[in-house]
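Me: Can you walk me through this model? Keep it plain, please.

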Amino acid sequence: MSVDPNARPQDLPSGGPDGQSPGGAARCAVPVLVGAAVAVVLGVYGRFHEPAGTAFNLAGFSSTGAVKSWLATAAFAFGLVQILSATAMYGRLPGVRPAAWTPVLHRWSGRVAFLLAVPVAVHCLYGLGYQTQSARAAWHSLLGCFFFGAFSAKMLLLRIERLPGWLLPVVGGLVFAALTVLWLTSALWFFRTFGVTT
């Protein structure tokens, strides 16, 4: 489902003080609750699962940390494409008119970012678990769970008609903010600690 920022807003049926139909808030609450459940389940699994320490590697990379850092960096780069394309679609990028292919770019950059983040998250949860031995690790663990919960909520919200105009940009912004801090506390930390290696 794509959003046309130039489309005229539809009149909402009356029913509540804010003009939304009864049950509108409940329809939005379900995706938020599902996203919260995803985040909690991931956190509980990571906390109580015995870390396997299992490492994966790809040909051409020197370590698991290097693989994860480069995958996270690529996911972050596609996240930047997501935020820029969304800003263009909503007409908030000064001097830029969205092209006809901007919504397609937005959807596919999000899909690629998510697919790049999944193997990193799987290794973090299964191999390392939910860690709290340092502030960096604690924030990384917390925001990793939050990222996948917020992403799940955003995907479910996209299926709901007549959302408040501010909701998707706010949720998308939260997803990107979480991805940014995840990158800062993982890939950037790795590159600064061990050097930019492959």
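Me: How many residues does the chain have, and what percentage of them count as buried?
Reply: There are 198 residues in the chain, and 37% of them count as buried. Buried means under 20% relative accessible area, exposed means over 50%, and partly exposed is in between (1.4 Å probe, protein chains only). This is a predicted model, where local features need pLDDT of at least 70, side-chain atom pairs count only at pLDDT 80 or more, and totals for chains, interfaces and linings use all residues. Residues are numbered from 1 along each chain as its sequence is written, and side-chain values use heavy atoms, with hydrogens and water left out.

Me: How do α2 and α5 cross?
Reply: The axes of α2 (residues 64-89) and α5 come within 9 Å and cross at roughly 145°. Axes here are lines fitted to C-alpha atoms, for helices over the stretch in contact, and angles run from 0 to 180 degrees between N-to-C directions. The crossing of α2 and α5 is left-handed, meaning the near helix is turned anticlockwise from the far one by less than a right angle (clockwise would be right-handed).

Me: Which residues of α2 and α5 meet there?
Reply: On the α2 side they include W70, F76 and L80, and on the α5 side they include W183, F190 and F191. Contact means heavy atoms within 4.5 Å. By class, the contact of α2 with α5 has 13 nonpolar, six polar and no charged residues. For those classes, Ala, Val, Leu, Ile, Met, Phe, Trp, Tyr, Cys and Pro count as nonpolar, Asp, Glu, Lys and Arg as charged, and the others, Gly among them, as polar.

Me: And what about α3 and α4, at what angle do they cross?
Reply: Roughly 140°, with the axes of α3 (residues 102-128) and α4 (residues 135-157) coming within 12 Å. That makes α3 and α4 oblique to each other; under 35 degrees counts as roughly parallel, over 145 as roughly antiparallel, 65 to 115 as roughly perpendicular and the rest as oblique. The crossing of α3 and α4 is left-handed.

Me: Which residues do α3 and α4 bring together?
Reply: Among them are H106, F114 and C124 in α3, and H140, F148 and K154 in α4. The residues of that contact divide into eight nonpolar, two polar and one charged.

Me: Switching to rings, how many aromatic pairs are there?
Reply: A search of the whole structure finds 10. Rings of Phe, Tyr and Trp (its six-membered ring) pair if their centres lie within 6.5 Å; planes under 30 degrees apart count as stacked, over 60 as edge-to-face and the rest as tilted. F114 and F148 have ring centres 5.8 Å apart and planes at 65°, so that pair is edge-to-face. The pair links distant parts of the chain, with F114 in α3 and F148 in α4, 34 residues apart.

Me: Is F148 buried or exposed?
Reply: F148 counts as buried, at 13% relative accessibility. F114 is partly exposed, at 25%.

Me: Which residues do ring pairs link into a cluster?
Reply: W70, W189, F190, F191 and F194. F190 is buried, with a relative accessible area of 10%.

Note on methods: Helices (H or I, at least four residues) and strands (E, at least two) are DSSP runs, numbered from the N terminus.
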